[in-house]
Amino acid sequence: MHDIMPRLSLHQSLVSTPQWQALINFWYTSMMLPNSMNFANLQLTEEDKAWLFSFVAAEMEHLARAGEGSGGRLFWPFGNYLFCSDESAICLDNTISINKMMHLMLKTDSLNCIIEEHLKYGWYVERLTRQSLIRSFMEGDLSKSSYEASLSMALNSLGTHQQVFIVAKDYLTMARRIGRAPNLNAANLAIRLSKITPYRAEIEWYKACCDKSDEQRGYYDSFKQRGASKRESKINMNRFKLAAFWDDVIHMLDTKVLPHDLHKREKWVYASYSYMLLVEPLDIAEYYRSGMHLEKGHYISNGRARRYEIFDQWWIEGIYAKKLGNMRTRYANLTHDTCFWARVEEAKEWLDKIRNESDLTYLARLNEFESYAMKLVVGKKVSADVMAKNSTFSLWLKEWRALNNKFIP
């Protein structure tokens, strides 16, 4: 409970100090030779100890006042923290409450205690496995609520002072309330996900209509070259609604109001990835249709939404990509590379530079892209609209091969 080590943020400025080196050497020697632990061997003056204590106290006060996930600091609690005393222990997993409890407990520590406690973990484990539930309560503090009663008992067993007890109790009550919120938020989010399903279904229907159209432009080019029809306007509105939902999911994860492992749950990995496969081609089409590439640069480097980069990472980190298989007997429903059309748009620009400016430095890039694209086509990892007769890719491929033949001896 009083160990200084979990409270150290390990800034480089601290690690290089002689106080830190002396403390590490003392701990190492004491752990290697347990019977030789003697504070006389600790090469720290009382002033050194006070400096370390002040350093940690300042860090913990800052963290205790900070919001969850703030600041990109080197130290931030993760997982379960077990606060142990000579009598019992209490477990917390909410990061804000952990920071506040560590700061609060630090106020009751002595200079020698914060150093000695680091060497007592084995003793605590042995004691906790032996002792039975302590049935001592603070006099007059019994509550009708079993939770309140057990909370009082746990804090009493930690040996907290009366003035600290009240504050600690508030922190733990807050931790219980916050701890339940992520799962409730996830459940509500699942309901919201089901409510946006019709928007996705309408886009899927639109794609099917584009793929069957006599114009043979395909999904991407039909949306990019769309007119002012009511159908396309509705699809565009659905695109905005889906983006708003998934951006909200990312925001909730950023602010730690969803379970920390949501991005590892199969339902959410598949839902986010299938959304990306379906909708990102439309985002790319709108990006180039509106001329944003002329203002900001090409889509992949300058226009891709953060949500897609995050969903890509979710998919890569999981085992799900392996389930797609290497070879297919027919074209995929949706192109596996969601940035494929952005790559085509860049290749179009390279081709124009060769044709209009005789800039042959782009030949290698074009050959490389053709090789990559045809590997996807042969492996059936693109949807049928890629190979549509009048699609951007088909027209580019025809022009590129005709031009490239001129450079082949």
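Tutor: Let's start with a word we'll need: two residues are in contact when they have heavy atoms within 4.5 Å. Keep in mind as well that this is a predicted model.

Student: Okay, let me try it on one residue. Which residues does Asp-211 touch, not counting residues up to four places away in sequence?

Tutor: Asp-211 touches Gly-218, Tyr-219 and Asp-385. Asp-211 itself is found in helix H9.

Student: Is Asp-211 buried or exposed, or something in between?

Tutor: Buried means under 20% relative accessible area and exposed means over 50%. Asp-211 has 34%, so we call it partly exposed.

Student: Let me zoom out. How many helices and strands does the protein chain have?

Tutor: It has 18 helices and two strands. Of its 409 residues, 44% count as buried. Now take the contacts with a separation of 6 or more: residues 24 or more positions apart account for 71% of them.

Student: Next, helix packing. What two things describe a pair of packed helices?

Tutor: The angle between their axes and the distance between those axes.

Student: Which residues make the contact between H16 and H17?

Tutor: From H16, the list includes Phe-340, Ala-347, Trp-350 and Leu-351. From H17, it includes Leu-366, Phe-369, Tyr-372 and Leu-376. Sorted by class, the contact has 12 nonpolar and two charged residues, and no polar ones.

Student: Where is Arg-355, and how accessible is it?

Tutor: Arg-355 is in helix H16. Its relative accessible area is 39%, so it counts as partly exposed. Its side chain joins that of Asp-352 through a polar contact of 2.8 Å. Leu-403 is 48 residues away along the chain, with 8.1 Å between the two C-alpha atoms.

Student: What about a residue in H12? Which backbone oxygens does the side chain of Ser-272 reach?

Tutor: The side chain of Ser-272 reaches the backbone oxygen of Trp-268 at 2.9 Å and that of Val-269 at 3.0 Å. Ser-272 sits in helix H12 and, at 0% relative accessibility, counts as buried. Beyond its neighbours within four places, Ser-272 is in contact with Trp-246, Phe-311 and Trp-314.

Student: Is Arg-304 buried or exposed?

Tutor: Buried: its relative accessible area is 15%, and the cut-off for buried is under 20%. Arg-304 lies in the loop between helix H14 and helix H15. Its side chain makes a polar contact of 2.7 Å with the side chain of Glu-280. Among its other contacts are Met-276, Tyr-299, Asp-312 and Cys-339.

Student: Last one, backbone angles. What is phi of Gln-216 near?

Tutor: It's near 55 degrees, a positive value in a residue other than glycine. Gln-216 lies in the loop between helix H9 and helix H10. With 38% relative accessible area, Gln-216 is partly exposed.

Student: And where is Lys-380?

Tutor: In the loop between H17 and helix H18. Phi of Lys-380 is near 60 degrees, again positive in a residue other than glycine. At 22% relative accessibility, Lys-380 counts as partly exposed.

Technical notes: Residues are numbered from 1 along each chain as its sequence is written. This is a predicted model: local features need pLDDT of at least 70, side-chain atom pairs count only at pLDDT 80 or more; totals for chains, interfaces and linings use all residues. Side-chain values use heavy atoms; hydrogens and water are left out. Helices (H or I, at least four residues) and strands (E, at least two) are DSSP runs, numbered from the N terminus. Ala, Val, Leu, Ile, Met, Phe, Trp, Tyr, Cys and Pro count as nonpolar, Asp, Glu, Lys and Arg as charged, and the others, Gly among them, as polar. Buried means under 20% relative accessible area, exposed over 50%, partly exposed in between (1.4 Å probe, protein chains only). A polar contact is a pair of N or O atoms within 3.5 Å; within protein, one must be able to donate a hydrogen and the other to accept it, and residues adjacent in sequence count only if both atoms are side-chain atoms.
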